[in-house]
Amino acid sequence: MLNEISAETALQQVAIRLRAQVDLLKLAAEKQGVSMSDTATVSGQLATAEITASNINQQNAARLEAAVLMAKLFAESAGGEVADTRQVVSTMVTQEIGASTVYQQIAVRQDAYMKMMEVAATAFAVDSSKLKAVRLDATLNDARASTVQQQIVARMSGTKDVILLLCESQLEGGILLIR
Amino acid sequence: MRSWFLKRSGNISGPFSESKLRAAMKAGKIHAEDRFCLEKNGSYISRTEFIKMCLSAATAADSNAADSNAADSNAAESNAAESNAGESNAGAAKVVGPPPLPSCSYAEGDEWLFGGDSALVPAGQTEPAIREFPSAQTTADVLHQPALNDRQQLRQVDAAGGFLSNAAHELNEKEDREKREEVDQKKFAIVAVCIAALLIPVLVFFAVQASSHLGELFSGGEASVASSSSSGAEALKSKLRRKLMSSEKKATLRGELQAIQTELVSSDISAKSAFHQQAVRSQAAMRAVAVLAQIVGVSSSDTEGVVRTRA
């Protein structure tokens with residue numbers, strides 16, 4: 001019981017932080033030049049999905065989808081290839097079809113979120129070798145996961161590592177490449 | 001009375017007596033180019049010299065008559081007048097010009113040689129002095145001035161013409177120079193305006209860009225940039241903003257990234273389940289996205305506001 005309450009609290013924390021990421025990505029995308037109507041569209045879809053969500057897991061799944069779409073806008077505004085971002089979304093939608101549970105759906109969207117940030121990192125001229133290393137590490141952890149929850153944890157770690165790598169690359173040396 | 005030969009157009013005629021030549025001269029039959037000589041094959045003299053020689057001879061004859069008859073005052077006056085006329089004519093021999101008018105009547109016979117208005121005065125009547133008439137005096141002054149010969153007059157005229165020509169030439173050159181300078185100034189002004197028209201928009205554009213980004217640089221990159229309808233311009237501004245990020249801001253963000261890694265490790269150790277691990281990683285990802293948003297230009301207050309509200 002205690003573990004369940006604790007798990008519920010942990011899921012709520014995940015939901016809150018996912019929502020915060022969506023909002024932060026919205027600010028970053030708008031700062032990059034994305035129109036507010038585009039970001040508002042994603043935010044509206046998220047609001048609608050949250051209303052229809054019956055539990056915290058569905059809410060997290062909706063927020064993850066919004067994070068993926070907002071990351072798409074951010075990556076494209078940074079100069080990422082539209083074909084790459086569309087490929088990520090297409091793969092996500094395809095894999096969601098085979099997802100039988102909301103956790104599997106969250107796992108698929110978490111993977112799409114990580115890949116979308118990889119596209120953004122590529123657009124920001126992050127070292128490709130470092131990016132491959134992060135992706136390989138996430139793939140290994142994903143393969144080691146015995147449950148979908150551990151799979152989600154591995155993919156969340158991969159997402160976090162890509163974002164940190166992106167931030168570190170932008171702060172290194174003080175000279176950024178302008179594409 | 002001497003006899004003279006007359007040479008006209010190469011033909012020699014004569015000899016003629018002086019009285020006859022005087023009568024012919026009075027009648028206008030003696031031309032200016034006629035030459036005279038006492039001998040047929042001698043050296044012929046001009047009409048002026050002929051008249052002077054005739055006067056000299058007449059003066060000598062009259063002087064002899066005065067010596068013999070001192071009462072003949074008219075003859076003495078005539079001699080004096082002839083002496084004056086001779087001096088004037090001597091000057092006229094050197095300077096070509098109108099001979100000065102005689103100031104008194106001549107002796108009988110001489111008046112036919114020179115003619116003129118004074119010749120109309122009756123022999124026994126003295127001509128009024130010219131100085132008694134101011135206008136006539138002025139005329140006499142002019143007439144008594146040294147006359148200029150043709151060459152001198154031509155020189156003066158040429159000099160005056162040359163001066164006027166030079167003055168006109170200099171005036172034309174000055175006008176042309178002023179016109180050229182005016183045209184050059186206009187050309188320079190046109191070129192300057194064209195260059196300014198080309199450079200001003202470029203300079204204004206760069207000044208606006210620089211002021212915008214420098215303002216953000218001095219404010220630590222937290223100054224918000226006015227939204228623009230052009231997404232490309234916004235992207236460029238964001239990239240320039242990152243490029244111009246201050247070192248202090250970069251140090252702060254690097255510290256934030258290290259803190260995220262450290263807290264993630266410590267929190268992951270205490271995580272009881274996969275849900276807790278997810279919570280820990282979601283928190284790390286959230287903070288990393290906040291750093292990324294600040295890197296692209298979102299103010300730290302905005303990102304902290306989002307994190308604080310959601311957390």
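1. Two strands pair if DSSP finds at least two bridges between them. Keep that in mind for this predicted model: in chain B, strand β1 (residues 3-8) and β3(B) are joined by 3 bridges and pair in the antiparallel sense. One spot to look at is B:Phe5, which stands opposite B:Cys37 in β3(B).

2. Now for the other partner of β1(B). Here 5 bridges link β1(B) with β2(B), and these two run antiparallel. B:Lys7, for example, has B:Ile12 in β2(B) as its bridge partner. The two strands make a hairpin with 2 residues between them, and B:Ser9 in the turn has a positive phi of about 55°.

3. Put together, 3 strands of chain B give an open sheet in the order β2-β1-β3, with antiparallel pairing. The edge strands, each pairing on one side only, are β2 (11-17) and β3 (35-37) of chain B. From one strand to the next, the twist averages 30°.

4. What packs on the sheet? Helix α1 (residues 18-26) of chain B does, touching β1 and β2 of chain B, and its direction makes about 115° with that of β2(B).

5. Over in chain A, find A:Met114 in helix α5 (residues 102-123). Is A:Met114 buried or exposed? A residue counts as buried if 20 or more other C-beta atoms lie within 10 Å of its own; A:Met114 has 27 other C-beta atoms within 10 Å, so A:Met114 is buried.

6. Leaving aside neighbours within four places in sequence, the contacts of A:Met114 include A:Ala138, A:Arg155 and A:Thr159. A:Thr159 is 45 residues from A:Met114 in sequence, yet their C-alpha atoms are 4.4 Å apart in space.

Definitions and conventions: Residues numbered from 1 in each chain as written. Chains lettered and ligands numbered in written order. Predicted model: local features only at pLDDT ≥ 70, side-chain atom pairs only at ≥ 80, totals over all residues. Helix = DSSP H or I, 4+ residues; strand = E, 2+ residues; numbered from the N terminus. Axes fitted to C-alpha atoms, helices over the stretch in contact; angles between N-to-C directions. Contact = placed C-beta atoms within 7 Å. Buried ≥ 20, exposed ≤ 12 C-beta atoms within 10 Å, placed from the backbone.
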